[in-house]
Amino acid sequence: EPKQRDMKPSPTKDQLFSSYVQQGQDAMQKALDMLTDLVVALSNGVEICSKVMAGTRKVFRLQVVLDADVDELYDILFVRVEEMHQWNPSIQQVKILQRVGPETIITHEVSAGTAGNLIGQRDFLSVRHSCRQRSCAYLGGAAIQLESLPPQTGFVRAEDGPTCIIIEALDEDSSRSRFTWLLNMDVKGWLPTSLVNQALPRAQLDFTRHLRRRLAAGGTYCSLFPNDVIMSMCVVMSAYQLPLYMC
Ligand SMILES: CC(C)CCC[C@@H](C)[C@H]1CC[C@H]2[C@@H]3CC=C4C[C@@H](O)CC[C@]4(C)[C@H]3CC[C@]12C
């Protein structure tokens with residue numbers, strides 16, 4: 001009876017938080033399990049690993065070696081996740097809504113509706129869980145629902161997850177890492193499957209390209225102005241004969 005359901009006490013903060021941690025851990029485990037029995041295909045010379053899950057959803061695995069150690073990648077991808085839009089034009093915003101604990105956060109993400117994005121703008125509500133180990137880090141995530149942030153008009157609420165990213169130090173050179181990302185996304189909306197299945201691996205490649213550029217810029221990366229903008233500012237400022245330290 002609806003009346004009785006209304007009377008159910010709402011969960012306490014502790015109960016809520018431990019359920020978020022649990023959802024994050026479950027997502028990570030589910031996503032890790034999905035990484036088996038992938039099918040390799042070649043698309044325009046790019047190797048794409050995928051498999052079709054129950055139903056029609058296709059999941060994609062991207063695996064690359066990056067020029068960064070596990071700490072740096074963990075820092076960029078988890079600790080400073082809110083800065084992601086500064087180096088990744090596919091993302092408009094990542095906002096941490098709630099810090100559930102040192103390893104678990106609730107995030108709201110908005111993708112950019114840029115020209116290269118065949119799918120259009122989406123927003124996501126996720127629980128993200130991380131597990132930092134000596135020579136590797138795991139980042140897991142799943143879509144969640146929050147009464148405080150229901151799907152907004154004008155936005156298509158998509159679902160990212162269960163998903164995971166595995167960052168492992170290379171045995172032969174721990175200043176480099178193997179980056180494995182399982183993308184398992186329901187983009188929602190009425191779109192042909194073939195278009196979605198083309199756009200998703202492309203979004204993964206784009207992400208990697210931007211991440212590589214961010215890593216190459218390293219510690220000198222300026223969050224407010226990309227390097228090329230700084231250079232042109234220097235040119236303009238020196239034209240006005242401003243002291244160079246102001247550049
Ligand atoms: C194809 C269209 C709809 C979407 C394109 C943008 C996609 C690729 C973007 C939107 C939000 C993004 C996610 C936002 C937050 C995180 C948490 C971080 O710890 C690892 C990266 C990860 C998991 C991002 C991966 C890339 C992502 C899924």
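In which loop is the place of Asp 37? I looked this up in a predicted model. Asp 37 sits in the loop between α2 (13-34) and β1 (39-43).

**Entry 1: backbone at Asp 37.** I checked phi and found a positive value of about 55 degrees, although Asp 37 is not a glycine. I then counted its surroundings. Asp 37 has 6 C-beta neighbours inside 10 Å, so I list it as exposed, the cut-off for that class being 12 or fewer.

**Entry 2: backbone at Lys 188.** Here too I noted a positive phi in a residue other than glycine, near 60 degrees. Lys 188 belongs to the loop between β12 (185-186) and α5. I count Lys 188 as partly exposed because it has 14 C-beta neighbours inside 10 Å. For background, I keep in mind that most residues other than glycine have a negative phi, and that most peptide bonds are trans.

**Entry 3: a cis bond.** I found the peptide bond from Gly 161 to Pro 162 to be cis, with omega near -5 degrees. Pro 162 is in the loop between β9 (159-160) and β10 (163-169).

**Entry 4: the ligand.** I listed 22 residues around the ligand, with Leu 77, Glu 109, Ser 111, Ile 119 and Ala 203 as the closest. The elements giving two or more residues to this shell are α3 (70-79), β4 (91-101), β5 (104-111), β6 (122-132), β7 (136-143) and α5 (193-217). The largest share, four residues, comes from α5. Sorting the shell by class, I got 14 nonpolar, four polar and four charged residues.

Methods. Residues are numbered from 1 along each chain as its sequence is written. This is a predicted model: local features need pLDDT of at least 70, side-chain atom pairs count only at pLDDT 80 or more; totals for chains, interfaces and linings use all residues. A residue is near a molecule or strand if its C-beta atom, placed from the backbone, lies within 6 Å of it. Ala, Val, Leu, Ile, Met, Phe, Trp, Tyr, Cys and Pro count as nonpolar, Asp, Glu, Lys and Arg as charged, and the others, Gly among them, as polar. A residue is buried if 20 or more other C-beta atoms lie within 10 Å of its own, exposed if 12 or fewer, and partly exposed in between; C-beta atoms are placed from the backbone.
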